[in-house]
Amino acid sequence: MTAKRLDPLLPVLRLGIAAAAALLVGAGLLALLGENPWSCYIIVTRHLLRSPVGWASILYRTTLLTFVGLAVAIPFRAGLFNIGAEGQLYMGALFCLLAAFSAAKFPRWIALPWCLLAGALGGSLWALIPALLKTRRGVHEVIGTILTNLCAIALINYLTTGPMKDPGTGTVLQMIPQTRAVPEVCHLPSLTELWPGLLGGASHPLNVSILLSLLLVAIAALLMSRTRLGLLWKALGRNESAVRLAGARVERLKLGCFALAGAMAGLVCSSEILGHQHRLVDNFSGGLGFQGIAVALLARNHPLAIPVSALVFGILQKASSVLDVRTSAPKEIGLLIQGVLLLVLLCVDRRRGGKDA
Amino acid sequence: MTAWFFAAVRMATPLYLAGLGGLFSERSGKANIALEGFMLSGAFACVMGCVLFRSPWIGLMAGGLGGLLLAALHCTAVIRFKVNALLSGVVMNLLAAASTDFLFLTAGDLGGDRLSVSSTKTIHALSLLCLILAASSHFFFSRTVHGLRWRTVGQSPAGARSLGIGAASYQSLGILVSGFLSGLAGSFLALQAGQFVRGMSAGRGFLALAALILSNWRPLRLVAVCFTLGGLSALSMRVEVLSLPSQLLEAVPYLITLLVMAGLALKSEPPAGLSEEEDMA
């Protein structure tokens, strides 16, 4: 902490090292494939600069990553490692879906909050399982969340291919197991509804949930920096026994922190189900919960930095799909670069992976 | 019955190899959630070895080395740079998935054809190896000086250091062993399937981790746990009387592990050093 205060450039320098290493590895891989790395990077940059519709999908991805980034970052500040965002977001999606099916006759102003609340609740309850195992039985939260993740994924896979599968047939989309669509009243407005001229009417996945994600960022930032609870959580991350000695109920703090994180992950449903797909698609997340860890690490677990970090990964993912289309490199190169970035970031950051950042 | 037995052994072998790898790492106090990634990279390296050298044995060794390579990276991060082992583990899983996908998609003819090596002998040898490993690692941890020191490090890295035991070397070795054994486990999957499939470890590394917890970090009990889990999944493939859908059956071992850890069954006694990650100087 002192080093940071003495030299505010240090984190930037570390970030620079990690980014440079990642780009170098990326360039090396591209060269291995017989591409000219420099021209590949230029192609990507040009494409990104010229494609407004591309930015819509980047921002959509950013929204999703912001939710899961917060779900990882907040427990991290409290010294808890939530790698269960994947399971939490699936259970949030399931609860949200069930709420939506029950809300067909509700007016819109009740239906939407009802679905959002259900999504948050689903994620929260699912997060409480590993949290309770930790506080009551001393099971490390990483083991608990890994196991609950696997259970949630299996459950969603079962439901989307079995009991809740959309019986309708026809479109190409039906190849992927998914549920029926949610009723119209539960659709979050697309951004085009608020801002008619957006992207010249081109179709895009952006919806109101992007505002919700920014609102959550603001709430999380205020919570962490301006409230007693936030202070206690941060203290818990630094020195648990001190907090215990000061008389705070450590177990409750941990449970609360996990519940909040689960709710944030659960709210991914606002983007995915209420805003974009309007149904639960099997495996829709595809590791989003784990990318949340990347987002939180890059943001050094600071709520206000989460959307920026999410944007970086959103751009990286878009860039890799551009590479996929325009060059011989598969889009998996993006994941590889992301992995290298994380590893170098962890290694140059000596303070135990930014756990007490 | 015999068919079921052999199916159970086939399921249990990779679980045991990876689980034992995890045991060596966790008994030295370093949590290891990267088994999944080590297995995956092992499976890929094995297929590469088989294709290049036309021998399942060389493939097997290549698989072990593939796991070892990633483990070396993990070890560098965790021991040299003192990165949190869990964080590094997550990154390792990510890197393994990304790099094998990348190589698989760009290496062209590697995965398309089925391997033209006959690997039956190698597969049987691996299952046999599990029993030998079980007995020898039990002996190692309960009867040898290094085994006892290893467990001491796992119970309390700081305490071990105060006795003049080099905790870091045991931990490094533990991670490397886990990489090699998980790589062998991945090779088993690849040889059995006769090809590389993207993400072919399919959660088995995590299942091995669950088995490790259920075994209370003991090599002999791990045999029983792995065989039971293997037997269950062999049963679920053969018999449909249970009328449980396959996806839910897959979750059963995880549920059991959760229940055990919740204290509703058996008693879990992890190496004490696992929870004091911060103590690493």
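Mentor: pLDDT is the predictor's confidence in each residue, from 0 to 100. This is a predicted model, in which local features need pLDDT of at least 70 and side-chain atom pairs count only at pLDDT 80 or more, while totals for chains, interfaces and linings use all residues. Residues are numbered from 1 along each chain as its sequence is written, and chains are lettered from A and ligands numbered from 1 in the order in which they are written.

Trainee: What pLDDT does chain B average?
Mentor: For the complex as a whole, the predictor gives an ipTM of 0.87 and a pTM of 0.89. In chain B, 90% of the residues score at least 70, and the average pLDDT of the chain is 87.

Trainee: In which helix of chain B is confidence lowest?
Mentor: Helices (H or I, at least four residues) and strands (E, at least two) are DSSP runs, numbered from the N terminus. Where pLDDT is low, the predicted coordinates should not be read in detail. Confidence in chain B is highest in helix α9 (residues 167–193), at a mean of 95, and the lowest mean, 55, belongs to residues 109–112, which form helix α5 of chain B.

Trainee: How many helices are there in chain A?
Mentor: The C-alpha trace of chain A spans about 60 × 55 × 35 Å along its principal axes. Chain A has 0 strands, and its helices number 16.

Trainee: What radius of gyration does chain A have?
Mentor: The radius of gyration is taken over C-alpha atoms, and the globule rule is 2.2 Å times the number of residues to the power 0.38. For 357 residues that rule gives 21 Å, and the value for chain A is close to it, so the chain is as compact as a globular protein of that length, with a radius of gyration of 21 Å.

Trainee: What percentage of the 357 residues in chain A is buried?
Mentor: A residue is buried if 20 or more other C-beta atoms lie within 10 Å of its own, exposed if 12 or fewer, and partly exposed in between, with C-beta atoms placed from the backbone. In chain A, the buried share of the 357 residues is 53%.

Trainee: Which residue follows α13(A) with a positive phi?
Mentor: Helix α13 (residues 268–277) of chain A is mostly covered, with 9 of its 10 residues buried, and these include Val268(A), Glu272(A) and His276(A). Among the elements that cover the buried residues of α13(A) are α4 (52–77), α6 (108–137) and α12 (250–266) of chain A. The residue that comes after α13(A), with a positive phi near 60°, is His278(A).

Trainee: How many residues of chain B are in contact with 34 residues of chain A?
Mentor: Two residues are in contact if their C-beta atoms, placed from the backbone, lie within 7 Å. Chain A takes part with 34 residues, and the number in chain B is 36.

Trainee: Which element gives the most to the side of chain B that touches chain A?
Mentor: The elements of chain B that give two or more residues to this side are α4, α10 (204–214) and α12 (246–261). The element that gives the most, with 13 residues, is α4(B).

Trainee: How many residues of the side of chain B that touches chain A are nonpolar?
Mentor: Ala, Val, Leu, Ile, Met, Phe, Trp, Tyr, Cys and Pro count as nonpolar, Asp, Glu, Lys and Arg as charged, and the others, Gly among them, as polar. On this side 9 residues are polar and 3 are charged, while the nonpolar ones number 24.

Trainee: With which residues of chain A is Leu95(B) in contact?
Mentor: Leu95(B) is placed in helix α4 of chain B, and it counts as buried because it has 25 C-beta neighbours inside 10 Å. Leaving aside neighbours within four places in sequence, Leu95(B) is in contact with Gly37(B) in chain B, and in chain A with Gly339(A) and Leu343(A).

Trainee: How many residues are in the largest nonpolar core?
Mentor: A nonpolar core is a set of buried Ala, Val, Leu, Ile, Met, Phe, Trp, Tyr and Cys residues joined through C-beta atoms within 7 Å. Val68(A), Cys96(A), Cys115(A) and Ala211(B) touch the most other members of the largest one, whose residues number 200.

Trainee: Which helix gives the most to this core?
Mentor: Ala211(B), not counting residues up to four places away in sequence, touches Leu15(B), Gly19(B), Leu222(B), Val225(B), Cys226(B) and Leu229(B). The helix that gives the most to the core, with 14 residues, spans residues 85–106 and is α4 of chain B.

Trainee: Is Trp217(B) buried or exposed?
Mentor: Trp217(B) lies in the loop between α10 and α11 (219–238) of chain B, and it has a positive phi of about 60° although it is not a glycine. Because 22 other C-beta atoms lie within 10 Å, Trp217(B) is buried.
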